[in-house]
Amino acid sequence: MREIVKGNEPLSLTQWKRRKPEGTYKNLRHIERQDIRKECTTEQYYICAYCSQTITGEKVDTVNEHVAAQSIAPNKSLDFSNIVASCRSLNQCDNAHKAQDFSLTPLMDECETELNFSLSGRVSGLSARANQTIEVLNLGDSERNNRALIEKRKSLVESTLWTNGIDPDDGVEDNEIIDKLISKISSPSNGKLEAFSPVAVNVLRQWIS
């Protein structure tokens, strides 16, 4: 995960809420939903809030996801600070979340330190809440739970490292080189981050001695 810093809500949502002070997310029109989805995708640099794979912001692969589910926190259904852009992958992220509660979210900076990714593509939690989040969102702690995500994550993280001149099997012992690579991978290009770049950063940080 990568911490999401929420910005201002779309103007269309603000205007709609003024007209419909008693409205809920379910009452929104296509235009407001679309503007929310595009704004969230943009501020996330076109990666899923949970698994970090690429999303386009279009309905075909991106959905407006309520971090605190609408059934649990109906008062937050129109709170832009509670909405992120999630991929539509089957049995993970938004599709797995449904109405479950979880306490380590991409709206917290700890999401970058309490999840531990390995080059195998698997993820483990460094806290009870991290393990809960992995389970609720099905983020791939074992091949049995989510082999597809693990394999995709492994392939693209290794590709990112190779592209930047790093042999994943050898690693890097020079902290200065690692820091420069982390800075490069963490910096959006044309407003976008590479798929699973936060995972690659997580792996690299573990190499710093």
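Which elements do the buried residues of helix 4 pack against? Keep in mind that this is a predicted model. The partners are helix 3, residues 93-97, together with strand 3 at 115-117 and strand 4 at 123-125.

Helix 4 itself covers residues 128-137. Its buried residues are Ala 130, Thr 133, Ile 134, Val 136 and Leu 137. As background, an α-helix has 3.6 residues a turn, so residues three or four places apart point the same way. After helix 4 comes Asn 138, which has a positive phi, near 55 degrees.

Now the whole protein. It has seven helices and four strands. In sequence order they run α-α-β-β-α-β-β-α-α-α-α. The radius of gyration is 18 Å, close to the 17 Å that the globule rule gives for 209 residues, so the protein is as compact as a globular protein of that length. Along the principal axes, the C-alpha atoms fill a box of roughly 60 × 35 × 30 Å.

If we take contacts between residues at least 6 apart in sequence, 62% of them join residues at least 24 apart.

Last, the surface and the charges. The accessible surface is about 10,600 Å², and carbon and sulfur atoms account for 46% of that.

How values were computed: Residues are numbered from 1 along each chain as its sequence is written. This is a predicted model: local features need pLDDT of at least 70, side-chain atom pairs count only at pLDDT 80 or more; totals for chains, interfaces and linings use all residues. Side-chain values use heavy atoms; hydrogens and water are left out. Helices (H or I, at least four residues) and strands (E, at least two) are DSSP runs, numbered from the N terminus. The radius of gyration is taken over C-alpha atoms; the globule rule is 2.2 Å times the number of residues to the power 0.38. Contact means heavy atoms within 4.5 Å. Accessible areas come from the Shrake-Rupley method with a 1.4 Å probe; for residues, only the protein chains shown count as cover. Buried means under 20% relative accessible area, exposed over 50%, partly exposed in between (1.4 Å probe, protein chains only).
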